[in-house]
Amino acid sequence: MKATKPFGLRLFVFLAIFALVVAACTSGDTTDTTDEAGGGADTTEGGDGSPDTTEGSDGGGPTVEGESFNVGFISNITTDNWFASLDTLSSTYNQAFLGNSKVALFDLSNPGFVYVPDIAATAEPVKAVQEGDIWVVEQPIRTDMSWSDGTPVTANDLAFYFDVTREFNLGSNHAANFVPSVLSITAPSDDVVRVEFDGEPGLATWQNGVGFADFVPSHFWAPHAEEARAAAAELAANVTDEEAVTALVDASLADEDPENDLAAEDITQEEIDAWISDAVANEGLTVLYAVAAPMEPSVGSQIFDQWETGAFAATVSNGTYFDAGTENTYYSDGSFRILSGARGDAVYGGEGAGDTVVQYAEGPFVSEILWVEHGTKDAAYEKLAAGEIDYVYDPTGLTSGLRNELATNPDLKFSVNQTEGFRYMAFNMRKAPMNDLAFRQATATVINKELLADTVLAGAVFPGYTIIHPDLTTFYNTTVPRAGWADGAPMSEADRFVTAVQILKDAGYTWTSEPVIDVENADPVTTSGEGLTMPNGTLVPELSIMAPGPGYDPFRATFSVWIAQWLKDLGVPAVADPTDFNAIVAATFPPQTEESAQNWDMYMLGWGGGDVSLPGTSQVSFFHSREDAVTGGGFNNPGYNSERFDAVADAFEAATDIESAAELTMEMDLILAEDLPYVVLFRTPIIEAYFANVQFPAEVIMGGHSGFPNAWPSAVHVAE
Amino acid sequence: MVIKEPEASDALTVEEEAHVALGVGDERPERLWKVRLKLAWTGLKRNWKLFRENKIGLLGLFIIVLFAVMALAYPVLRSVGPWQDDGIYDPVTGYEAPVNEFEIVPTEADVVDSATQMDVATAQLWCFGVLPGETCSIPLQPAPPSEGHLLGTDPLGRDIASQLFFSTRAAFLLGLIAAVVTVGVATTVGSAAAFYGGWFDNFMMRLADLVLLLPLIPILIVMSGLWTINLVLLGVLIGILSGFGGTAIVLKSQALSVKVKPFLDAARVSGGSNGHLIFKHIIPNVLPLSFLFMMFTVTEAVSLEATLSFFGLLNIDMSWGIMLNTAQSQGYLRTGLEYWWLLIPAGIAVTLLAAGFFFVGRAMDEVINPRLRSR
Amino acid sequence: MLKFIGRRLVQMVLLFFLFLTLVFFLLQAQPGDITAQFIDPTIPAEVRAQIVERLGLEGNVFQQWWSYITSFVQGDLGVSFQQYPRPVIEVIGERIPRTLFLFTFATLLAYVVGFSLGKRLAWKRGGFSEHSVTVSGVLLYTVFYPWFAILMILFFASGLGWFPINGFLTPGFWRNAPYTGNEVFAQMLLSLAIGAIILVGTLVLASRQDERRTARRVRGIGYTLAIASIAGFWLLRTEMRPYAQDIVHHSILPIVTLALVAFAGVMLLTRSSMLETLKEDYILTAQAKGVPEKDIRDKHAARNALLPVVTSFVLGLAFIIGGGVVTETVFSWPGMGSLLLTATVAEDVPVAVGALAFIGILALVAHLVVDILYAVLDPRIRIHTGN
């Protein structure tokens, strides 16, 4: 036996010493750290020179004096590429820090969502005129704007964006800016944008489509586009028809539906060419989206500067921001006044009458914005409470626990706002009895959302009745009937059941034992109904209500459990089925086949906000029959198919002015409330917290500050 | 809870003892079970004596019994006890919250009595859109412990005590499934590997090495992304994963020591098939050791369920992990100990039950393995 | 020696392929279509076909398996959905240094403390101190880990304010930093590696000295050298040092939390393997001869209990890595573990599976390192394999 000391002990001694050394370093650095912090600050100050030089060479203007504004993200940033942030990596966080760098023809005012010109030189969008087969808009733009490197912003910057979008098949938001009916965008001169359409453009195509598309710095992106083009060309040179055929056949075999399987001889040359051109475009897109773009020239209030992955991103304020010094005023009549040196004085969306609701000037008033990544919500708010960040950028807002804790914190301020989105229960209208209007009406009648929202969930949510949010007054239809209401007020629990039973009876439903309703009782159904039979004589089968579990969303989980109970009382054998969020999406959203679409009865999910200036587009995409999840691959998951609705929806899409669009939006909501493909359940407010020395340009804005991340960086104040 | 048969690496195997008792060669199988039972009983007594000396083991047993009582008490409390009201005490759908009414005043300076008045700006956080002069009713949820709710209520106004008791049952069920599956898998794999040897043994042991090396948490996290995992499936998954790993290796070496015993040769000579040999001779002798591993599997299963539920990855109505998940998702976990009843009971329950089984398993280990006993 | 290492290496590679195969079948066995899982439905159909091809998802199961393995070896793990079109390997590569740092430190801490405590525990039977240490050890071992981590944050970060609440660096301090976080991590790992190499070299050298005193002297010099080299490494990097310190400051609480939980397991395992050794004849002989207890413990028992402890190390690796996932998530430490969880929640299957595979690699490599280290240090194995 060799007498040696155990290795572990030695290692321990060693590590202990090492730990001491580290500790010595760190503790020695408590003093040091302050020094270092000072040194760090020095570096930053000295360093201000170095970004300046970069800006100088990269073309930045003067920097902005002021505090640094620290924004806490509750999730990670996933890209620093502006193109990717609007397509494959379209997270609200990416857009929040990258999106303050561009200008569009038109914009929505903050607050009020008034349609106002941005770089457009006219107050209103130029009307499209017919030229032969096509329709054309020639929109003049301002010539006094320039990118932060001094290059002027020209019409060519929009034309470039359009060309890139088309050439590389850019998707999502890019594609939404330029719908297929946009044929071309060109720049006949630096100050005129010429847009060609294949027909008379509706609002969503021109005013709210191309009108909202950003100008991108073409001089910065052109070399990258060239690289992308080269990569695409290389692929195009190497890809063969055989490869395309193999890929197409394999793709058809890969999904397990044998009906979709293709043999090589089934594939036409057209399909091959399409595949190749898509593959080539995608190759280009991949190259374009992979460009890391710090110091991309900006015309907006912020210039993206640094991203330390997993930790933070930084944008510096643009000293040459085109709107600096502009005075904005929002009036109680819903109009918006812009007073600026360059643009003069103009009022949009009304007369400028009534009281001043909000008035603020454009800055930017902060020197830079740090967008700090956090893994969880709690972590971000903890840093807020500790004073390390100024504002938590949190699209879902404070939870009840955080609210209870932070409400008493004197250092913090809160803003509470409505959100445009809604939570709903969808019926599978491809199946009985959900395909029966009477059944849906009876179900909607017994759902006492007022009770759940006001009492059980303690006012944390509001009951909802329409797809369109009531605060979007231009589009909201006040006359939409509400299920379970009578004489302008919610019915009592007992009346709901009486009404629902009557609806079912009238439609020919029968029970083996009808529900017994005691009007006097607080819980009116003393004996649940049993053996509910459809008019055609078949028993109503067991129906499942898929909803996210309490771990994911306690609100929807609570709703699903209560709704299942009410339906049971009615005699409908319904069960709440807490299901993974992703499993619900997989079961109900496209891609679906006729068979797979038979696998669900009802589900609960929610939609976030859409385009507040044209909310009807959401109605169309959720309910138009061409958007059917099975046949159209769209978001019409219930399989709702109504000629009446489709006709109104088509008219809405063709509308060229906001008045008729609003009227049609209201009509759509009315039809939906009658046909009930969805039962809209509730909406949630958003509570945001920030430090008391922070002043946002507007406190009241639907969706909160995180709903419009590009509305405030140019005007937020941080007092010392 | 305690070993049913005497078993020790250096003790006689059951079968040998039986053979000894009967006299070798005196094959009277109809009486074998009686002998076995008797042996089991004496063994049980002997082991219990050893176990009793182990204070930590007793502590573990006490913890387990305590939780078992909770699990058994739950249906009683719900059906005839004080928790009969489904609307209040149901662990998933129950709801009760005392409501505080506040009169809304224009500014903070106008607040005279902060218990009944609130300024309009602060009130917006609870009653959005409320105006001065109106009232804002704020339900107190989570509510601190009171007479009706001994451990208070959770952020959704549900009774914590009821949830805690209800979840105990789920924890036991999960542990049981995981333990049975582990033992089933490990005994089969271990015995078969020992019996057949060769490439089969080699492959199985490499597989076991691998499973042993792999962290269960990340695997189960990824699995939860691919499947919808409920309590039973989780139990089975944990059982399979831990059954293929270390347990199989240990049981294999135990089976190997049985394989070389003379009675096995005797049985082989008398014409027993392979299956017969494995199931009638090897497995019964390996089984007692595997009970030990059941305990450790329960520990593992309870911890894993809690962790996965905490991250919201499982499809389970209510469990200790879900209780913490609810508190976390509503933002109550980082608020210090102000809402201790959301944080402490569930955390302690998971820790204690897992530890209880570990204590018992450890004590059993010392009973079975004489080298670990006190001098 | 080389033969031994070579054999272990081959074994590990085989194990790894077995693991990849398991992962592959895990994907296969899930409900629904593998391509549907691998390919984001929002990606256009044509692009999807391309990805199908690139991932080798076409053909029969065996072909799929083969192309999965080959593309894995070539480093092609597909493309992230969440960060499309970034390759998975790149997403993971960004996280590796951060996880490696956390993991290495926590493991060393846990094992050194766990081993020495377990050793003492085995020697002290019965008493109150044994019971209390054992019970608290078990409680630490079975503690509801995320809950424990939150309590640690509440107490040491929010309450006492000794440590940052979460994250791995101070954003304001790193604004305009001349380095990226990963550059600093790389240097930190490098310095650790230099120290570790010197340390291992010392131990090998020392174990070959026949004279005990020389061995001790060799070790003394080696330790000093290792510490000095790490210290020197950072003394030379004056500009980077404050940034490294910032990271270290952020890492202390997660490392200690993880090590606390992991050390209990090591302690318990060391204790039982020591107990087994204590019943060996030669220990009894030594006792009979009247060798001092401390000497028996440190020189005879502990040394021979090392083999089971190495085994337990291997077992514990899985535990620490698993705990690492929780630690990273609770502490917002953007490493592989938190990547795995967020990718799973976001249904980013390629990244989740890729992270799982890399976690497997981490476990296997750590296992290999320990094996080799043990072979180098243990004279019996060295003699067996014959120099």
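**Entry 1: chain C.** I began with the contacts of chain C: among those with a separation of 6 or more, 73% join residues 24 or more positions apart. I note here that the model is predicted. I then looked up the secondary structure and found 17 helices and zero strands in chain C. I also checked burial, and 49% of the 387 residues of chain C count as buried.

**Entry 2: confidence in chain A.** I looked up pLDDT for chain A and recorded a mean of 84. A value of 70 or more is reached by 88% of the residues of chain A. I then searched for stretches under 50. Residues 1-12 of chain A form one of them, and the model has 22 contacts beyond four places in sequence for that stretch. In residues 19-60 of chain A pLDDT also stays under 50, and there I recorded 32 contacts beyond four places in sequence.

**Entry 3: a helix pair in chain B.** I turned to helix H12 (residues 274-310) and helix H13 (residues 320-329) of chain B, whose axes lie 7 Å apart at an angle of about 25°. Angles under 35 degrees count as roughly parallel, and H12(B) and H13(B) are therefore roughly parallel to each other. I recorded the crossing of H12(B) and H13(B) as right-handed.

I next listed the residues that make the contact. H12(B) contributes Glu305(B), Ala306(B), Thr307(B), Leu308(B), Ser309(B) and Phe310(B). From H13(B) come Trp320(B), Gly321(B), Ile322(B), Leu324(B) and Asn325(B).

Notes
Residues are numbered from 1 along each chain as its sequence is written. Chains are lettered from A and ligands numbered from 1 in the order in which they are written. This is a predicted model: local features need pLDDT of at least 70, side-chain atom pairs count only at pLDDT 80 or more; totals for chains, interfaces and linings use all residues. pLDDT is the predictor's confidence in each residue, from 0 to 100. Two residues are in contact if their C-beta atoms, placed from the backbone, lie within 7 Å. Helices (H or I, at least four residues) and strands (E, at least two) are DSSP runs, numbered from the N terminus. A residue is buried if 20 or more other C-beta atoms lie within 10 Å of its own, exposed if 12 or fewer, and partly exposed in between; C-beta atoms are placed from the backbone. Axes are lines fitted to C-alpha atoms, for helices over the stretch in contact, and angles run from 0 to 180 degrees between N-to-C directions. Angles under 35 degrees count as roughly parallel, over 145 as roughly antiparallel, 65 to 115 as roughly perpendicular and the rest as oblique. A crossing is left-handed if the near helix is turned anticlockwise from the far one by less than a right angle, and right-handed if clockwise.
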